[in-house]
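Open the model in your viewer and keep the selection tool ready. The tour goes from one end of the chain to the pockets and then to a pair of helices.

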Amino acid sequence: SESAVKEMGLKDPIGTVISVFNKRGTIVGVVNDFNGQSLHHGLMPIVIDIKEGLNFGTILVRTKAGQTAEAINSLRQLYNRLNPGYAFSYSFLDDSYQNLYRSEQVISKLSRVFGILCIFISCLGLFGLAVFAAEQRTREMSIRKVFGATIGQIFVLFSQGFVKLICISIILAVPAAWVVAGLWLQRFAYKIDLSWWIFALGGVFALSLGLLTICSQAARTGLSNPAKTLRSE
């Protein structure tokens, strides 16, 4: 491969005799660099050894789109004719690539499931806290409405305490998420750079979801009739 040529410092590699793992051979061609492993690893120097008369190995076959089944049947017949003593087995290259990232796929699924579950539980707890706060502050909000407070002002007064708590949680969560994501990305030779807007977008989403959760109670408190509320109090 190109990386192997650079590693050996060869300017004109074609026709050069080299020795790799005590095996001597002549370079007959140079291929472009490719990843022989998962993207957890970077490009590695590769030497492809071509042998005649080799009685074991793997054949890579490219099939035309929509003709995979026909190609497999033809290969099975050819294999059984040339090598009847052994069972025919095959696998697809895309499946092999998928297996290289099996752990990442499992982590992705678990993250989605537990993320949705955590968001649901958090919103449920926030809604319960909003209901409790609405019951506790009904008289206060009614008195404010009597003295001329608008529905918008009532909503701001009711939600500002929750906004502070959500902002504090975002401030505490962002550094932890930054560190954990950075450590996870270190496992890959090819990775993106963490940008601030990713965490800012997550914070805006969390704040919006929190306000959406408590808006029903804030609206109920703001739209309630102060006369009825104070009479019951």
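Is Ser1 buried or exposed? Select Ser1: it is buried, with a relative accessible area of 11% (buried means under 20%, exposed over 50%, partly exposed in between, with a 1.4 Å probe and protein chains only). This is a predicted model, in which local features need pLDDT of at least 70 and side-chain atom pairs count only at pLDDT 80 or more, while totals for chains, interfaces and linings use all residues. Residues are numbered from 1 along each chain as its sequence is written, and side-chain values use heavy atoms, with hydrogens and water left out.

Stay with Ser1, which sits in the segment before helix H1 (2-8). Helices (H or I, at least four residues) are DSSP runs numbered from the N terminus.

**The largest pocket**

Next select Thr58, Ile59, Leu60, Val61 and Ser91, which lie nearest the centre of the largest pocket among its 34 lining residues. A pocket is an open set of points on a 1 Å grid over the protein atoms alone where a 1.4 Å probe fits, with protein on both sides within 12 Å along at least five of seven lines; lining residues have an atom within 4 Å of a point. The space in this pocket is about 1600 Å³, a volume being the space filled by probe spheres set on the points. Colour helix H2 (68-82) and helix H3 (93-100), each of which supplies at least two lining residues. H2 gives the most, with seven. Colouring by class shows 20 nonpolar, 12 polar and two charged residues in the lining (Ala, Val, Leu, Ile, Met, Phe, Trp, Tyr, Cys and Pro count as nonpolar, Asp, Glu, Lys and Arg as charged, the others, Gly among them, as polar).

**The second largest pocket**

Move to Ile119, Ala173, Gly202, Phe205 and Ala206, nearest the centre of a pocket lined by 28 residues. Helices H4 (102-136), H6 (151-185) and H7 (196-223) each give two or more residues to this lining. H6 has the largest share, 10 residues. The second largest pocket holds about 950 Å³ of space, and its lining has 20 nonpolar, eight polar and no charged residues.

**H3 against H4**

Finally, show Gln98, Asn99 and Leu100 in H3, which meet Arg102, Glu104 and Gln105 in H4. By class, this contact has one nonpolar, three polar and two charged residues.

How values were computed
Contact = heavy atoms within 4.5 Å.
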